[in-house]
Amino acid sequence: MHIRIGLENNIEGRSLAWALDYPGCFAYGMDEEEALLRLPHTLLKYEAWINDHTAQPWVYFDDFDLRVVDSFKTIRIDDNYQPAPEGQGYEINAWFLDDWRPLTRLEITRGLLIFQWQRDELLAGLSTLPVEILEKQRPGQRWNILGIAKHVANAELWYLSRMGLTNLSHKDLLPELTERLEQTAALIKTIFPKFADFVKVVGIDGEFWSYRKILRRTLWHQRDHIDHIKSLAFNEND
């Protein structure tokens, strides 16, 4: 089985290997080689996770062969679209040739299932962790856990705005965290099915976006921060 990989380099000083046909499945490494070495284990965890959530799983890995089909180097630009120093300006994230492909209805249906399972996991953590853990400020962290969860919702609205898919702005989001997460989830569930079989690419702020890229990054972003929250909540040395 061939697993098509897109490599995104220089994303916050690391490399990110995307399993292009399996949204929500990705692996980080300090460089391309490490990201690729970590991906097989991630693929098997992804398969097990899908199988644990549905009686009709669609992910089956036997022997697989990783094939790097595209790569992209993340850059930062300033307001004049010139290179900006690390940590400044706007980050231009990966645009792969695969992002041109229209999403099928089946891909969207499965993507929304993954999104909801992730969301359930996030909400379960927020509802069970003690308040002192949720609100704890940690050295070197931009946000506490509540702030990270709020960022997840804000980013979802931002992704949709990249292609003019919502008229809401951040000031229109509900202030209570759980309600905000439910609000953006409802938008995603309403809007994503409209992507089926359409090709549309938009350039904004020096970056290309498509429906497939929005799905890819939405599932990545939520999973990435769920794992981030887990690392903060269960790190005994923190």
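Where is the place of threonine 166? In this predicted model, threonine 166 sits in the loop between H4 and helix H5 (177–191). With a relative accessible area of 13%, threonine 166 is buried, because the value falls under 20%. Its side chain reaches the backbone nitrogen of leucine 168 at 3.1 Å. Leaving aside neighbours within four places in sequence, the contacts of threonine 166 are Leu157, Leu160, Ser161 and Leu187.

Now to the pockets, side by side:

| Pocket | Volume | Lining by class |
|---|---|---|
| Largest pocket | about 1,400 Å³ | 14 nonpolar, 15 polar and 14 charged residues |
| Second largest pocket | about 170 Å³ | 7 nonpolar, 1 polar and 3 charged residues |

The largest pocket has 43 lining residues, and nearest its centre lie Tyr28, Trp220, His221, Asp224 and His225. Elements that give two or more residues to this lining include strand S3 (26–29), helix H1 (32–53), helix H2 (105–128), helix H4 (145–161) and helix H6 (211–233). Which element gives the most to the lining of the largest pocket? That is H6, with 10 residues.

For the second largest pocket, H2 gives the most to the lining, with 5 residues. Among the residues lining the second largest pocket are Asp21, Tyr22, Pro23, Tyr46 and Trp58, along with Leu106, Glu107, Arg110, Gly111 and Ile114.

How values were computed
Residues numbered from 1 in each chain as written. Predicted model: local features only at pLDDT ≥ 70, side-chain atom pairs only at ≥ 80, totals over all residues. Heavy atoms only, no water. 1 Å grid on protein atoms, 1.4 Å probe; cavity = no way out; pocket = protein on both sides within 12 Å on 5 of 7 lines; lining within 4 Å. Points joined across faces, edges and corners; volume = space filled by probe spheres on them. Helix = DSSP H or I, 4+ residues; strand = E, 2+ residues; numbered from the N terminus. Nonpolar A, V, L, I, M, F, W, Y, C, P; charged D, E, K, R; others polar. Buried < 20%, exposed > 50% of the residue type's maximum accessible area, 1.4 Å probe, protein only. Polar contact = N/O pair within 3.5 Å; in protein donor to acceptor, adjacent residues only side chain to side chain. Contact = heavy atoms within 4.5 Å.
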